[in-house]
Amino acid sequence: MSEEHPSSVKSRARAAGTALVLLVAALPVWASLGGDASSVQTDQVHMQGTRQTTTTQSYTVSEIRAATGTVVREYASSTGTVFAIAWHGPWPPDMHQLLGSYFEQYVQAAKAQSAARMGRRPLMIEQPGLVVQSGGHPRAFSGKAYVPEMLPQGVRAEDLR
Amino acid sequence: MKELRKLLIFTVTVGLACALSVACGGGSHSGTQNTIVTSGTNVAPVSVNLGPAASDGFPSVNAAFVSVTVCVPGTSNCKTIDNVLVDTGSSGLRILSSEFSLPLPQQNASDGNPVYECFPFVSGYTWGPVQTADVEIAGEKASSTTIEVIGTSITPPTGCLNFGLPPSNNVDSLRANGILGIGLAAQDCGPGCPTSIYYECPASGSCQGISESLAQQLQNPVTLFATDNNGVIIELPAVPAAGEASVSGSLVFGIGTQSNNGLSGAKVYTADGSGNFTTTLNGTPYSQSFIDSGSNGFFFPSTITQCPRSSNEPGFYCPASTQKLSATNQGANSVSGTVSFSVADAATLFANPNDSAFSDLGGTFSGAFDWGLPFFYGQNVFVAIEGASTPGGPGPYWAY
């Protein structure tokens, strides 16, 4: 387990505000799910959060505690690809930031689900290449998103939380 | 007089429904008949029905509706809006702009720009201006409270769109004329409300997220009633296994504040700071579980067969035979109790397009148990607001 130092990020941000903004803009900002692990730090900055990483045999989990109280966990494989994201907190996270190139697929699937005989109920999206499960209620949302094809061998969807 | 007649008809209807239904009061829960209060200044009739017509032809399923009157503050310039969803999973009143036309005062930010709200629910978001109104339900009144008027020509800001949720900004997508949030929370957003919920929108330029104070946020309207302001009871009769066309019941305000709203032996399950408690199913505890009249089924993790993805009910359970299950709820106060319930084939239930109420409708969910409206059939469920004093101790809690 290793501790990052968000205060150093913040102080750097304060010290070189403009420079950092330019740097962040130049990074692949929308590249979390399916992106490489370096996008985790981009997310941390975006969420003004603190980060803690845990490494297991088959993946690394980076837990970001956002300023809004929402906790996001990003799962990266040993080759450095973010294959899953899980969250819980009072409000849903910035899904555009976290899903990256998968965001549009999520938006379309969520829209399609609300068009069927659904009413108010959890979102359960299961498509080739993207699974999103999201539920809860205002003040307590939770969910996860993953790319089934990218799950490292031996990792079960239930383990992602 | 007209009100009295409505009340009489309502009482007779409930009685008749009970007389005709073998399962009346039996339910899947306790086996004893629940008493439904139908008179009192703190009692509003509730109806589970097909809801407002949506253009896709799908009716509402397990949605409880109430009528709410909205007035220009301090005046008799009012409009009564029917088909407002009774939602114990959120707090605050939200009404579609298409359902009324009243000159309600707009809430403005400190710099004078109008305040808008983007409120995320699980399956959609509402977006619209925050305005001030007197809100009347039954004989209760919340004076000069803020409501969200859903539906506006102002484009939702990026922070709102980034939730990735579909808009619930008209009857077709909301499947109701509004949402009456009467949940555990006293305000809709709470302390430390993030800047992705409330916005100020200048006449030109884009909306900017703001940190809305507790006092400025949408309030749970019940907290502003002069009396009966510590919580609510939802009282609905049992629904037979095959489903029912419609169901009549009551929304009762106050807990132990009148002769008609006592706890009378209901067990108190306190909620944690997030509005959750623990449900244990097959030995697995789910600590982020909750009771929510705004969810339309029992949603929980299970290996029960799901309806086909290509069907009209993907994500609901479609078991070959009705599954009988048992789970244990435990409050933060360690009080626990067993709940027995059933899950039937959703496709069979939905085959009758005239039915709107189903006691054994379930669907998939991961990581928690969402006790939706079927949980309320056949048992009175008390919802005590956070910080409120009640004969069962302070809220937040559920009791049943």
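Visitor: Over which residues of chain A does pLDDT stay under 50?
Guide: Where pLDDT is low, the predicted coordinates should not be read in detail. In chain A, confidence is lowest in helix α2 (residues 17–26), at a mean of 39. The model has 25 contacts beyond four places in sequence for the stretch where pLDDT stays under 50, which is residues 1–31.

Visitor: And where in chain A is confidence highest?
Guide: Chain A averages a pLDDT of 79, and 78% of its residues score at least 70. The highest mean, 96, belongs to residues 140–146 of chain A, that is, strand β8.

Visitor: How many of the residues of helix α3 of chain A are buried?
Guide: This helix spans residues 38–46 and is mostly covered. Its buried residues are Ser39(A), Val40(A), Thr42(A), Asp43(A), Gln44(A), Val45(A) and His46(A). Of the nine residues of α3(A), the number buried is seven.

Visitor: Is Ala86(A) buried or exposed?
Guide: Ala86(A) sits in strand β5 (residues 82–89) of chain A. Beyond four places in sequence, it is in contact with Arg73(A), Lys144(A), Leu160(A) and Arg161(A). The cut-off for burial is 20 or more other C-beta atoms within 10 Å. Because Ala86(A) has 23 C-beta neighbours inside 10 Å, it counts as buried.

Visitor: What distance separates the C-alpha atoms of Ala86(A) and Val72(A)?
Guide: Along the chain, these two are 14 residues apart. Between their C-alpha atoms, the separation is 5.7 Å.

Visitor: How many residues of chain A are in contact with chain B?
Guide: Let's begin on the partner's side. Among the elements there, β15 (284–291) and β19 (362–364) of chain B give two or more residues to the side that touches chain A. That side divides into 18 nonpolar, 26 polar and seven charged residues. Chain B brings 51 residues to these contacts, and the number from chain A is 37.

Visitor: Which strands stand at the edges of the seven-stranded sheet in chain B?
Guide: The sheet is open, with mixed pairing and the order β18-β17-β14-β15-β20-β16-β19. Inside it, β15(B) and β20 (residues 370–371) of chain B run parallel, joined by two bridges, and Phe290(B) stands opposite Asp370(B). An edge strand has a single partner, so one side is left without a neighbour in the sheet; that describes β18 and β19 of chain B.

Visitor: Which strand of chain B pairs with β12(B) over six bridges?
Guide: Strand β12 (residues 247–253) of chain B is covered on both faces, with Val247(B), Gly249(B), Leu251(B) and Phe253(B) buried on one side and Ser248(B), Ser250(B) and Val252(B) on the other. Strand β11 (residues 231–235) of chain B runs antiparallel to β12(B), joined by four bridges, and there Glu235(B) has Ser250(B) as its bridge partner. Elsewhere, Val48(B) stands opposite Val247(B). The antiparallel pairing over six bridges is with residues 43–48 of chain B, strand β1.

Visitor: How far apart are the centres of domain 1 and domain 2 of chain B?
Guide: Chain B is divided into domain 1 (36–224) and domain 2 (263–399). The two domains touch through 23 residues of each. On the domain 1 side, 13 residues are nonpolar, nine polar and one charged. Taken over C-alpha atoms, the centres are separated by 24 Å.

Visitor: Which residues touch the most other members of the largest nonpolar core?
Guide: In soluble globular proteins, nonpolar side chains tend to be buried together. Here the core has 145 residues, and at least three come from each of domain 1 and domain 2 of chain B. The three that touch the most other members are Val66(B), Val86(B) and Trp398(B).

Visitor: Is Phe350(B) buried or exposed?
Guide: Phe350(B) belongs to helix α4 (residues 346–350) of chain B. Its C-alpha atom is 8.8 Å from that of Glu313(B), 37 residues away along the chain. Because 22 other C-beta atoms lie within 10 Å, Phe350(B) is buried.

Conventions. Residues are numbered from 1 along each chain as its sequence is written. Chains are lettered from A and ligands numbered from 1 in the order in which they are written. This is a predicted model: local features need pLDDT of at least 70, side-chain atom pairs count only at pLDDT 80 or more; totals for chains, interfaces and linings use all residues. Two residues are in contact if their C-beta atoms, placed from the backbone, lie within 7 Å. Ala, Val, Leu, Ile, Met, Phe, Trp, Tyr, Cys and Pro count as nonpolar, Asp, Glu, Lys and Arg as charged, and the others, Gly among them, as polar. A residue is buried if 20 or more other C-beta atoms lie within 10 Å of its own, exposed if 12 or fewer, and partly exposed in between; C-beta atoms are placed from the backbone. Two strands pair if DSSP finds at least two bridges between them. pLDDT is the predictor's confidence in each residue, from 0 to 100. A nonpolar core is a set of buried Ala, Val, Leu, Ile, Met, Phe, Trp, Tyr and Cys residues joined through C-beta atoms within 7 Å. Domain bounds come from an automatic or database domain assignment.
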